[in-house]
Amino acid sequence: MAEIVMAYAAAHAPMMTADPGSAPRQQAENFFGALEKVRDVAKETGVQAIVMMTGEHFTNFFLDGLPQIAIGLDDEHLGPPEVWLQVPKKMVPSNAGLAAHITASLIEQGQQPALSYGMKIDHGFMTVYYWLDNSMELPMVPIVLNCTTPPLMTMQQFYDFGVTLGKAIRSYTGLERVGLVAGGGLSHFIGEPRVGDIDEEFDHWFLDRLATGDLSEILNMPNDELALAGNGTGELRAWVALAAAMGSAPGKVLSYEPVYEWINGMGVVLYDGDNVAAKA
Amino acid sequence: MSLYMVQRCLFDHLRRLEAAGDGPKPAIVTEGYNLTPEEVRAVTEPDIGAIYRMGAHPVLINGFCRALGYKRADYRPLLVDTSAAPVKVKARWQK
């Protein structure tokens, strides 16, 4: 059976690869330093493949058919479509066996993910993934989530999804060491009059709860209230699902920086892998 | 005619731009979407504020603004909505 040997959540502002030097130096060093630490953990644990969740940005789906959750099922996926992202375009390997198993297991557990072939992996994946493995050889199973188009699944529903996702990964027999990654958030506003704002108070509040592992106030928060922290902030659904997959264990907040030049609250939270958590 | 068709027009335009890559940027196509004259004006002029007030999805507005060359939050002045009352709701994380 597979173990989830590493899990982390990280913001995925496009500017982090498109124009990283635009951020104040100390902020950039703190954020990228956290991603380097995560990269070291990936090497130490010998992760064989990752499963990554992020929000859909109308890259793969549109309003004529928008799933709440969709899983890429190919052997490889093309990314990124954004030519300005400063990440080389490449067919990124996946693990079709793991993807198929996750999909089947989720359905058996009562979830209803959409099946997707030909999925493209945009900045939501590639910014974070490129920092994890800039050779882009580490297999990645992509999962996109509807985080911006109401009616939206609630935080509680994404928590429940995360619990089933964790079980699905851990019941796979084709690999031994899998990583789980969430991309998106923290607070940001796009395409509306508050574009450029960052709700630092929300970001600290949210990260504090992940650090304790007590997600109760996050899970009973109505979607309308979450939207007060930004219309892009709903991408934190991926973070909540990841925390759920890791049993609501306390996360280590490796960094938080409100980078106004990137119009995004930037943070990284790392969780102990299964073997470490079991010993604790 | 419908908000969906305005959004479809924008979405298709962004896809054409993506397909064009570094080549010449195609102009936005409005034929075939059954848009009203005001909708055609808004997307071709373009009038970002009008597109916002129609209710277009913020991801599309953001993508459209980026395609027009706006960086970061530079398009914020175009989206001032004087008709909307400020939201005064206290969220649980606010002290």
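## Exercises on a predicted two-chain model

In this predicted model, B:Val40 lies in helix α2 of chain B, which spans residues 37-44.

**Exercise 1.** Decide whether B:Val40 is buried, partly exposed or exposed, and find which residues B:Val40 touches beyond four places away in sequence.

*Solution.* Begin with the count around the residue: 16 other C-beta atoms lie within 10 Å of B:Val40. Next, setting aside residues up to four places away in sequence, B:Val40 touches B:Thr30 and B:Leu35. Finally, consider B:Cys9, which is 31 residues apart from B:Val40 along the chain, while the C-alpha atoms of the two are separated by 9.7 Å.

**Exercise 2.** Describe how many residues each chain brings to the contact between chain A and chain B.

*Solution.* Chain A gives 25 residues to the contact and chain B gives 24 residues. On the side of chain A that touches chain B, the largest share comes from helix α6 (residues 200-212), with 3 residues. Sorted by class, that side of chain A holds 14 nonpolar, 6 polar and 5 charged residues.

**Exercise 3.** Locate the residues with the most contacts inside the largest nonpolar core, and list what A:Ala241 touches.

*Solution.* The largest nonpolar core has 112 residues, and A:Ala241 and A:Leu242 have the most contacts inside it. Helix α9 of chain A (residues 237-245) supplies the largest share of this core, 8 residues. Leaving out residues up to four places away in sequence, A:Ala241 touches A:Met53, A:Phe158, A:Tyr159, A:Phe161, A:Gly162, A:Leu165 and A:Ala182.

How values were computed
Residues are numbered from 1 along each chain as its sequence is written. Chains are lettered from A and ligands numbered from 1 in the order in which they are written. This is a predicted model: local features need pLDDT of at least 70, side-chain atom pairs count only at pLDDT 80 or more; totals for chains, interfaces and linings use all residues. Helices (H or I, at least four residues) and strands (E, at least two) are DSSP runs, numbered from the N terminus. A residue is buried if 20 or more other C-beta atoms lie within 10 Å of its own, exposed if 12 or fewer, and partly exposed in between; C-beta atoms are placed from the backbone. Two residues are in contact if their C-beta atoms, placed from the backbone, lie within 7 Å. Ala, Val, Leu, Ile, Met, Phe, Trp, Tyr, Cys and Pro count as nonpolar, Asp, Glu, Lys and Arg as charged, and the others, Gly among them, as polar. A nonpolar core is a set of buried Ala, Val, Leu, Ile, Met, Phe, Trp, Tyr and Cys residues joined through C-beta atoms within 7 Å.
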